[in-house]
Amino acid sequence: MFQERRINLKTPAEIKIMREAGRINASVHAKVRELLQPGVTTADLNAAAEETLKSHGCVSPFKGYGHPPYPASITVSINDEMVHGIPHPKRRLKEGDIVSIDCGTVLDGFVADSAFTAGVGHISEQAQRLLEVTEAALYAGIKQMRKGRRTGDISAAIQKHVENHGLHVTREYTGHGVGRDMHEGPQVPNYGAAGTGLLLKPGMTIALEPMVLIGTHETRVLPDKWTVVSADGSLTAHFEHTVAVSEGEPQILTVL
Ligand code: MG
Ligand code: MG
């Protein structure tokens, strides 16, 4: 089982700060998205993200995170790389690649975390479908982010959407509570049974993040100890939003 971390309910004032952090994070995404062209290096993308964060007086919670310390402000994961790809000045995007960008923003001690996957130039029909199914799975999960539902409802909605399209959800990497720490409780796996898990309450803020693979759900970590790739080399995609549970509709915090 996953190690369970503390769940911190946020006050409306804290959610307001996270909403602002989320807006800045979305502006970083927009900046990086503009640059997704053949020939651009993944280090260029990281530099642009850092510049945008800096212009808002913010930093990324990714830099220095974990063991070994993560060396950059965003992760850039190409094709079979699912998550945690490390930017590099020699790694250039090519026509037809699909690129997952994950970015976090810390503002006034609170974290917003979101990710998207997009194509470079023209991409295959199979890749396009993978992106569409993964993004729709995220929104299927977000729809369950309501008072009175359970974390298993989110997990089941994501898994069902993905598997109905003949694709696979990761087992090892999960959505998570987010706030003062990038990773708080509860863990929200991308698979599970409806009606199980923790009851959702207003003030919970969770980063939902379906990671989807075409071939099988199996992954492995490269020798750099960060980059996670599909075990069979098939394409993968990743979409993520930080979302707050409210008295009513789910509140997506990581949008412009
Ligand atoms: Mg993320
Ligand atoms: Mg996350």
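User: How many residues lie between E6 and E7 in the hairpin that they form?

Analyst: In this predicted model, strand E6 (residues 175-177) and strand E7 pair in the antiparallel sense over 3 bridges, and Gly-175 stands opposite Val-188 in E7. The two strands form a hairpin, and the number of residues between them is 6.

User: Is strand E7 (residues 184-188) largely enclosed by the rest of the structure or largely exposed, and why?

Analyst: The burial of its residues decides the matter, with buried taken as under 20% relative accessible area. Because 5 of the 5 residues of strand E7 are buried, the strand is largely enclosed by the rest of the structure.

User: Which residue coordinates both the magnesium ion (ligand 2) and the magnesium ion (ligand 1)?

Analyst: The protein donors of the magnesium ion (ligand 2) are Asp-113 (OD), His-176 (NE2), Glu-209 (OE) and Glu-240 (OE), at 2.1 to 2.2 Å from the ion, and in sequence these donor residues follow the spacing D-x62-H-x32-E-x30-E. Among them, Asp-113 is buried, as is Glu-209. The two magnesium ions, ligand 2 and ligand 1, are 3.1 Å apart, and the residue that coordinates both is Asp-113.

Definitions and conventions. Residues numbered from 1 in each chain as written. Chains lettered and ligands numbered in written order. Predicted model: local features only at pLDDT ≥ 70, side-chain atom pairs only at ≥ 80, totals over all residues. Heavy atoms only, no water. Buried < 20%, exposed > 50% of the residue type's maximum accessible area, 1.4 Å probe, protein only. Helix = DSSP H or I, 4+ residues; strand = E, 2+ residues; numbered from the N terminus. Pairing = 2+ DSSP bridges. Donors = N, O, S within 2.8 Å, 3.2 Å for Na, K, Ca; no water.
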